[in-house]
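Visitor: I would like to learn how to read a protein model. Could we go through it one feature at a time?

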Amino acid sequence: MSAIIAISPLLVVFGLLVMFRWPAKRTMPVAYVLTAVLALWYWQVPGVRVAAASLQGLIIAGELLYIVFGALLLLFVLKHSGAVRTIRDGFRSITPDRRVQAIIVAWTFGAFMEGAAGFGTPAAVAGPLLVILGFPPMAAVVAALTIQSTPVSFGAVGTPILIGVNTGLENQTIVNEYIAQNGPKTYMLLLHQIGAEVAILHGIIGTLIPLFVVCLLTRFFGANRSWREGLAAWRFALFAGLAFTVPYVLLGVFVGPEFPTLIGGLIALGLTVAAARFGLFQPAEVWDFPPESVWEPDWRSTLPPTSDKPPARPISLMAAWTPYLLVGILLVLTRLEPTMTHWVNETAIRIPSIFDTDIGRTVQVLKLPGTIFIIVSLLCIPLYRMRRENISAALGESGRALIGAAAAIVFAVPMVRIFIESGVNYSDLASMPRVLADSVANLAGTAWPAFAAVIGAMGAFVAGSNTISNMTF
């Protein structure tokens, strides 16, 4: 019964999203209220602790939104300065083969964007780029979303691990017991170990993702509906897969969660672009979509095309990529030990106790990727000599995009924190996730690992975010 009650908020979210097709901004407030009521009524968690967990959740949500805002601001600054147009034109000139274009734009550039920004940004950037290159909109969506299965776990500079997994496991009794008995020496080493194992698993499977994507394109969007035409690009597809997954795994194992997708994507982008320009690993024949006049209705989009005004001043390809190179450099610098430790600690905001409970939060402002994104965005203004109206347009578009994400996150994260912090109560029950986990483990027994992927997929679907999925599950 306790397990059924514990899972009921998640079932309600599933029902409202699927059965009633509510948007997340309406669903998550209902889930938050239900979780708080169950914590107060059934688990008998003290009201002050529910309030403290909620406030802690709002702080964490603020960190997430800060990262999202910084990433979006940089993206829209590049858009309104004309740098995105330069990047797009650079992709267009590389190769006429649509399979190779899909791999470079969706796989390598999409992975890099996932590492730099996350939170849906790759689909929002790579998808339209593919449409502008001449892809059917549905094909662009399929390509841009399918590749996210590999880079997403280290998206937004490792946020799904460093905030998602970290917030779910930090200071949990069972985790501390594991570390004390047979785990790594410290909790941070455990977090690094988790990231390393994720990188290895994703690296093995992810190597085949580019080939899978091009086969989807040729089978469902080609004139001949042929798998064979996709397999014909196997050399370039496997090269692109390894160009990303090899550095991805090495960075995940030896460096940390911040860099596998970000730096791995950048390395893969450089290697695949160079290979395409020099004609290496190319298919024997160029493949293209059928003429637009014969596209099926569901391949098309009813939305008008996005305006694509040329920049006021020409921007070189190197200048267009400079902001993302700066992001990578600054991210590395802020994580060097012990060089930056003092600055990072000095700028940290510490709340050791919220409402006199053991619930607190430390926010390392300088280490948050949002700070770096904002700094680089400001540097772009003189770099591209942007006009005031373009700066205002970038700020306005970033703010409007942030509002959509904020509506769900500001309720989803506090809900998760109440869920996790429910172990201190008057009903002598374990925390909600512990009760739920024990019940599922007892039912599944040794077959539990077979259910793990389904649980993770459901979490990503319910939360709309790998970070929040990790935090919950």
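Guide: Start with the naming of elements: helices and strands are DSSP runs, numbered from the N terminus. The model is a predicted one. As a case, helix α20 covers residues 448-463 and contains Phe-461.

Visitor: Is Phe-461 buried, partly exposed or exposed?

Guide: Buried means under 20% relative accessible area and exposed means over 50%, with partly exposed in between. Phe-461 has 42% relative accessibility, so it counts as partly exposed.

Visitor: Which residues form a nonpolar patch with Phe-461 on the surface?

Guide: The patch on the surface consists of Phe-14, Val-18, Met-19, Phe-20 and Phe-461. Together they have about 530 Å² of accessible area.

Visitor: Next, strands. How do the side chains of a strand point?

Guide: In a regular strand, side chains alternate between the two faces of the sheet.

Visitor: In what sense do β1 and β2 pair, and over how many bridges?

Guide: Strand β1, residues 348-351, pairs with β2 in the antiparallel sense, over four bridges. Ile-351 stands opposite Arg-361 of β2.

Visitor: How should I read a pair of aromatic rings?

Guide: A pair of aromatic rings is described by the distance of the centres and the angle of the planes. This structure holds 14 aromatic pairs. In one of them, Phe-135 and Phe-289 are 4.9 Å apart centre to centre, with 65 degrees between the planes, an edge-to-face pair.

Visitor: Where in the chain do Phe-135 and Phe-289 lie?

Guide: Phe-135 lies in the loop between α6 (121-133) and α7 (137-146), and Phe-289 in the loop between α14 (260-277) and α15 (317-333), so the pair ties together parts that are 154 residues apart in sequence. Both Phe-135 and Phe-289 are buried. Phe-289 also forms an edge-to-face pair with Trp-287, at 5.0 Å centre to centre and 65 degrees between the planes. Trp-287 has a relative accessible area of 6%, so it is buried.

Visitor: What does Pro-96 touch, leaving out residues up to four places away in sequence?

Guide: Pro-96 touches Gln-101, Val-286 and Trp-287. Pro-96 sits in the loop between α4 (83-92) and α5 (98-116). With a relative accessible area of 55%, Pro-96 is exposed, whereas Trp-287 is buried.

Visitor: Last, salt bridges. How many are there?

Guide: A salt bridge needs a side-chain nitrogen of Lys or Arg within 4 Å of a carboxyl oxygen of Asp or Glu. The count comes to 10 salt bridges. One of them joins Arg-49 and Asp-358, whose closest N and O atoms are 2.6 Å apart. This pair links distant parts of the chain: Arg-49 is in helix α3 (residues 47-81) and Asp-358 in the loop between β1 and β2, 309 residues apart.

Visitor: Are Arg-49 and Asp-358 buried or exposed?

Guide: Arg-49 counts as buried because its relative accessibility is 8%. Asp-358 has a relative accessible area of 59%, so it is exposed.

Visitor: Which residues belong to the network with Arg-49?

Guide: Glu-421 forms a salt bridge with Arg-49, with the closest N and O atoms 2.9 Å apart. Glu-421 also forms a salt bridge with Arg-417, at 2.8 Å between the closest N and O atoms. Through shared partners, salt bridges join Arg-49, Asp-358, Arg-417 and Glu-421 into one network.

Key
Residues numbered from 1 in each chain as written. Predicted model: local features only at pLDDT ≥ 70, side-chain atom pairs only at ≥ 80, totals over all residues. Heavy atoms only, no water. Helix = DSSP H or I, 4+ residues; strand = E, 2+ residues; numbered from the N terminus. Buried < 20%, exposed > 50% of the residue type's maximum accessible area, 1.4 Å probe, protein only. Contact = heavy atoms within 4.5 Å. Pairing = 2+ DSSP bridges. Patch = residues over 30% accessible without salt bridge, like charges linked within 9 Å, V, L, I, M, F, W, Y side chains within 5 Å. Areas by Shrake-Rupley, 256 points an atom, 1.4 Å probe, with all protein chains shown as cover. Phe/Tyr/Trp six-rings, centres within 6.5 Å; stacked < 30°, edge-to-face > 60°.
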